[in-house]
Amino acid sequence: MSRGRGRVAASGVVGGVLCIVFVPVILINAILIAGSFADPDELPGVFGIKPVAVLSGSMEPAIQTGDLIFVESCDPAALREGDVVCYLSSGKAVTHRIASVTEGEDGQPRYVTQGDANNAEDRLAVSADQVQGVWNGARVAGLGNAILFMQTAPGMVLFIVCPLALFFAWDIWRQRRLDKAEKARTAQLEAELAALRRVQGEP
């Protein structure tokens, strides 16, 4: 019985590991896909935190190509020189540092940006409605490449379909193990009861 219980406990550990590894990956991918369809003009996020995959090395060494960074929604009026902001330009997310803040012809602020690794400021100033958030310093090296791959058809199969199938297969196997262990325990109890009755001379 101890061996059976050990196997059941081990299956519980395996299930926990699967949840820890796959659930966050599936959630992040689902948020990105759902958000991109719901509002194409806004980066998807949760509670004001938006994950952004970095496609270039313009912010090296602070941010590397392929990193996944996190930007926080902010009040554009509070942005200052030196802040690293993420903004949309022709539908693409760009993360650069604010070199200066100017005023547009409409009286609204404009942000002149530049990548840390670039030797010149960006050609066009950024308006407040383009700003998606300010970088909070959090990044996960290399995860941006994985997120981008997850949004392709092979990536969806590998990171969503396969993990779900693996999870359901594990759950079915675990339930069968539990049922088998319960039947073995019941049989053992019945055998012990029968032996006790024989000792006591009961029919």
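**Entry 1: terms and model**

I count a residue as buried under 20% relative accessible area, as exposed over 50%, and as partly exposed in between, using a 1.4 Å probe on protein chains only. The model is predicted: local features need pLDDT of at least 70, side-chain atom pairs count only at pLDDT 80 or more, and totals for chains, interfaces and linings use all residues. Residues are numbered from 1 along each chain as its sequence is written, and side-chain values use heavy atoms, with hydrogens and water left out.

I looked up the confidence next. pLDDT is the predictor's confidence in each residue, from 0 to 100. Its average over the protein chain is 82, and 79% of the residues score at least 70. Helix H1 (residues 2–38) has the lowest confidence in the chain, with a mean of 59, while E5 has the highest, at 96.

**Entry 2: the chain as a whole**

I listed the secondary structure. Helices (H or I, at least four residues) and strands (E, at least two) are DSSP runs, numbered from the N terminus. The protein chain has 3 helices and 7 strands. Along the sequence their pattern is α-β-β-β-β-β-β-β-α-α.

The chain has 203 residues, and 26% of them count as buried. For contacts I take heavy atoms within 4.5 Å. Among contacts with a separation of 6 or more, 53% join residues 24 or more positions apart.

**Entry 3: nonpolar cores**

A nonpolar core is a set of buried Ala, Val, Leu, Ile, Met, Phe, Trp, Tyr and Cys residues joined through side-chain atoms within 4.5 Å. The largest one has 11 residues: Leu-43, Val-52, Val-54, Met-59, Ile-63, Ile-69, Val-71, Val-84, Cys-86, Leu-88 and Trp-135. At least two of its residues come from E2, and at least two from strand E3 (84–89). E3 gives the largest share of this core, 3 residues. I noted another core apart from this one, with 8 residues, including Val-85, Tyr-87, Ile-98 and Val-131.

Setting aside residues up to four places away in sequence, Val-54 touches Ile-63, Gln-64, Thr-65, Gly-66, Asp-67 and Ile-69.

Is Asp-67 buried or exposed? Asp-67 is buried, at 2% relative accessible area. I found Asp-67 in the loop between strand E1 (49–53) and strand E2 (68–72).

For polar contacts I take pairs of N or O atoms within 3.5 Å; within protein, one atom must be able to donate a hydrogen and the other to accept it, and residues adjacent in sequence count only if both atoms are side-chain atoms. The Asp-67 side chain reaches the backbone nitrogen of Gln-64 at 2.8 Å. The backbone nitrogen of Gly-142 is reached by the Asp-67 side chain at 3.3 Å. Beyond neighbours within four places in sequence, Asp-67 is in contact with Val-52, Ala-53, Val-54, Arg-139, Val-140, Ala-141, Gly-142 and Gly-144.

Gln-132 sits in strand E7 (residues 131–140). Gln-132 is buried too, with a relative accessible area of 3%. Not counting residues up to four places away, Gln-132 touches Asp-41, Glu-42, Leu-43, Lys-50, Glu-72, Ser-73, Cys-86, Tyr-87 and Leu-88.

**Entry 4: salt bridges**

Side chains of opposite charge can pair when their charged atoms come close. I count a salt bridge when a side-chain nitrogen of Lys or Arg is within 4 Å of a carboxyl oxygen of Asp or Glu. How many salt bridges does the structure hold? It holds 4.

Arg-97 and Asp-116 form one of them, at 2.8 Å from N to O. This pair links distant parts of the chain, 19 residues apart: Arg-97 is in strand E4 (residues 92–103), and Asp-116 is in the loop between strand E5 (109–114) and strand E6 (126–127). Arg-97 is partly exposed at 27%, and Asp-116 is partly exposed at 34%.

Asp-106 and Arg-110 form another, with their closest N and O atoms 3.1 Å apart. Asp-106 is partly exposed at 47%.

I also noted the salt bridge between Asp-171 and Arg-174, at 3.0 Å from N to O. Both residues lie in helix H3 (residues 153–199), 3 residues apart, about one turn of the helix. Asp-171 is partly exposed at 28%, as is Arg-174 at 24%.

**Entry 5: cysteines**

I searched for disulfides, meaning pairs of cysteine sulfur atoms within 2.5 Å. The whole structure has 0. Cys-74 is partly exposed at 28% relative accessibility, whereas Cys-86 is buried at 0%.
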